[in-house]
2 protein chains.
Amino acid sequence: MRSTKQRNVILDIINNSYDHLDAYGVYEEARKQIPNISLGTVYRNLKSLENAHLIDIVYDGADKIRYDKKDFHQHFVCSKCHKIIDIYDLNFENINTYKNNIVMNCKIILEGICEECQKEE
Amino acid sequence: MRSTKQRNVILDIINNSYDHLDAYGVYEEARKQIPNISLGTVYRNLKSLENAHLIDIVYDGADKIRYDKKDFHQHFVCSKCHKIIDIYDLNFENINTYKNNIVMNCKIILEGICEECQKEE
DNA sequence: CTTCTAACTAGTAATGATTACTATTTAAGT
DNA sequence: ACTTAAATAGTAATCATTACTAGTTAGAAG
């Protein structure tokens, strides 16, 4: 993976943002620094940065993919407004609420390489 | 929410499937029972069943939304082939692997109603 | 410092999942 | 049975994402 101006700007935007931007949001931010950057370039780089484990993906529960910095924390996602709240102090002993937000479900997803895909290299 | 033949068939398909079907997969299954069911009807019902907390959503890490029965368990998602494996015996003491699958990341997502949305009723 | 080339980019077109729309049908309460 | 809001089939529209192409560039090798 080469280091390009576009890729560096995109990675910086995600690492320095406290929002959970979607691809178009990243595009809008990136255009402030590279006015003629292409939306396709943003999508391509988001995908390669994610494959390289340099950024994370969050699904907001409403058909939108959002991007997040690599920084170990968890998320609360509102089922109504699809707001995403970062959690740095998760406590499983009182999981029914998290700071005045009512918790109705807890999803745990392990990501990695499955047995079959390990054989292919 | 009214009880319709279409909605019942869709809910049954998800509750009786061990796959993690996407919307089109549910549509294909549903057509075996209701040949002229509309794809729009499938999407509409998947959304209303999810809002009613009767089914769950799984994101496969490759821009596809998949649907799952309400049944407390966790998932392993392969970053390469996007296979989804159900986990009923999660053990946090040895989280680096799960049954020969290499675990590289663990996402925990709490879903619910945020503070602001609670006020709106 | 030049040369070389595979990787990358901008811009645009195409794809494909999801939603919107409309006329018609139906569940279920009165 | 009557009524009506909710649901449906079928189709058109939307919009996020990917593919394509000609031109550009990072960075390795001479």
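## The interface between chains A and B

Chain B and chain A bury about 4500 Å² between them, with 56% of that area on carbon and sulfur atoms. On the chain B side, Lys107(B), Leu110(B) and Glu111(B) lose the most area to chain A. Together these three make up 18% of what that side buries. The model is predicted.

The contact counts are as follows.

| Item between chain B and chain A | Value |
|---|---|
| Residues of chain B in contact with chain A | 44 residues |
| Residues of chain A in contact with chain B | 44 residues |
| Salt bridges | 4 salt bridges |
| Polar contacts, both residues at pLDDT 80 or more | 32 residue pairs |

Which elements of chain B supply at least two residues each to the side that touches chain A? They are β1 (55-59), β3 (74-78), β6 (101-113) and α4 (115-119). Among these, β6(B) gives the most, with 13 residues. By class, the side of chain B that touches chain A holds 23 nonpolar, 12 charged and 9 polar residues.

One salt bridge links Lys83(B) to Glu116(A). Their closest N and O atoms are 2.5 Å apart.

Strand pairing also crosses between the chains. Strand β3 of chain A, residues 74-78, is joined to β6(B) by 4 bridges. Do these two strands run parallel or antiparallel? They run parallel. Within β6(B), Gly112(B) is the bridge partner of Cys78(A).

Technical notes:
Residues are numbered from 1 along each chain as its sequence is written. Chains are lettered from A and ligands numbered from 1 in the order in which they are written. This is a predicted model: local features need pLDDT of at least 70, side-chain atom pairs count only at pLDDT 80 or more; totals for chains, interfaces and linings use all residues. Side-chain values use heavy atoms; hydrogens and water are left out. Contact means heavy atoms within 4.5 Å. Buried area is the accessible area (1.4 Å probe) that two parts lose on being put together, summed over both. A salt bridge is a side-chain nitrogen of Lys or Arg within 4 Å of a carboxyl oxygen of Asp or Glu. A polar contact is a pair of N or O atoms within 3.5 Å; within protein, one must be able to donate a hydrogen and the other to accept it, and residues adjacent in sequence count only if both atoms are side-chain atoms. Ala, Val, Leu, Ile, Met, Phe, Trp, Tyr, Cys and Pro count as nonpolar, Asp, Glu, Lys and Arg as charged, and the others, Gly among them, as polar. Two strands pair if DSSP finds at least two bridges between them.
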